[in-house]
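Take a look at the sequence and the structure, then read on.

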Amino acid sequence: PPRVVGECAAAPRAGTSGWTLLTDLEGTARGVLGLGRSALATLQAGKPHKANMALIAAGTGLGEVVLPWDGRRHHAVPSEGGHVDFAPRNDLEIDLLKFLRREFGRVSYERVVSGPGLYNIYRFLVASDGTPEPEWLRARMESGDPSAAVSEAALERRDPRSVQALEVFVSVYGAEAGNLALKALAVGGVFIAGGIAPKIRAKLEDGTFMAAFRDKGRLSPMLAAIPVHLVLEPRAALLGAAAIARALRSRAVPRARRAQGAR
């Protein structure tokens, strides 16, 4: 039977019949296409069309997928869009770019919009005002995931710099989601997936994300008409892999029967 694997696990078997190689985000995109409304939270209702869609997902990195419409169905086309150049939009983000350039040289969106990216923003804010983080937050960051600690402190509103870091993060996230919508002409809809989004749902729903998404000058009205949904289903990638496997099997069975008939 067909087997579906993610990332590069099947690279040694790339030439083996019956195997299909896909990225985890491609699987997520395929899974999202089959989700019901209860597995999504709407950030902007927009005006749905049967047209191109797109998916963006911040987690350990930043993934982007285009979902072109061929007149009958959507296809999932993976990309490395998270590695495009970070484009600051205001003085604070220009200073953030300069801060990250000193450390990394070239700065991509993934350096800002990802789990490590949130911590990068926080470190920049600490360096900018010259005062150390509070002891309780430092202890929390040293004992676990620093980005998660910053996110939790922001959502609990216990630390002003964490609140600001999450504000910058969500705004840049929304801006790049809007960029992706423009590049893909994704008037059919944009999905926000990945491990971070459901954890900061309250912040994504406060208007910061969508304001940045729509802020595209003369094309702002087009962005305001695009449906935007937050993916709540944590098994989307597995559901997508299963859907791909079923499709491969449905195509393989008739071929096998035709081959048997020929013999």
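**The sheet and its helices**

Ile 192 has Leu 230 in strand 8 as its bridge partner. This model is predicted. The points below start with the sheet, then turn to the helices.

**Strands**
- Strand 7 (residues 189–193) and strand 8 (residues 228–231) run parallel, joined by three bridges.
- Six strands form an open sheet in the order 3-8-7-4-5-6. Its pairing is mixed.
- Strand 3 (40–44) and strand 6 (77–78) are the edge strands. Each of these pairs on one side only.
- Strands of a sheet pair through backbone hydrogen bonds, either parallel or antiparallel.

**Helices on the sheet**
- Helix 1 (residues 24–33) packs on the sheet. Helix 1 touches strand 4 (53–58), strand 5 (62–67), strand 6, strand 7 and strand 8.
- The direction of helix 1 makes about 50° with that of strand 5.
- Helix 6 lies across strand 4, strand 5 and strand 7. Helix 6 runs at about 150° to strand 4.

**Helix 5**
- Which residues of helix 5 (residues 146–155) are buried? They are Ser 147, Ala 149, Val 150, Ser 151, Ala 153 and Ala 154.
- Asp 145 caps the N-terminal end of helix 5. A side-chain oxygen of Asp 145 lies 3.0 Å from the backbone nitrogen of Ser 147.
- Arg 157 follows helix 5. The phi of Arg 157 is positive, near 55°.

How values were computed
Residues numbered from 1 in each chain as written. Predicted model: local features only at pLDDT ≥ 70, side-chain atom pairs only at ≥ 80, totals over all residues. Heavy atoms only, no water. Buried < 20%, exposed > 50% of the residue type's maximum accessible area, 1.4 Å probe, protein only. Helix = DSSP H or I, 4+ residues; strand = E, 2+ residues; numbered from the N terminus. Polar contact = N/O pair within 3.5 Å; in protein donor to acceptor, adjacent residues only side chain to side chain. Pairing = 2+ DSSP bridges. Contact = heavy atoms within 4.5 Å. Axes fitted to C-alpha atoms, helices over the stretch in contact; angles between N-to-C directions.
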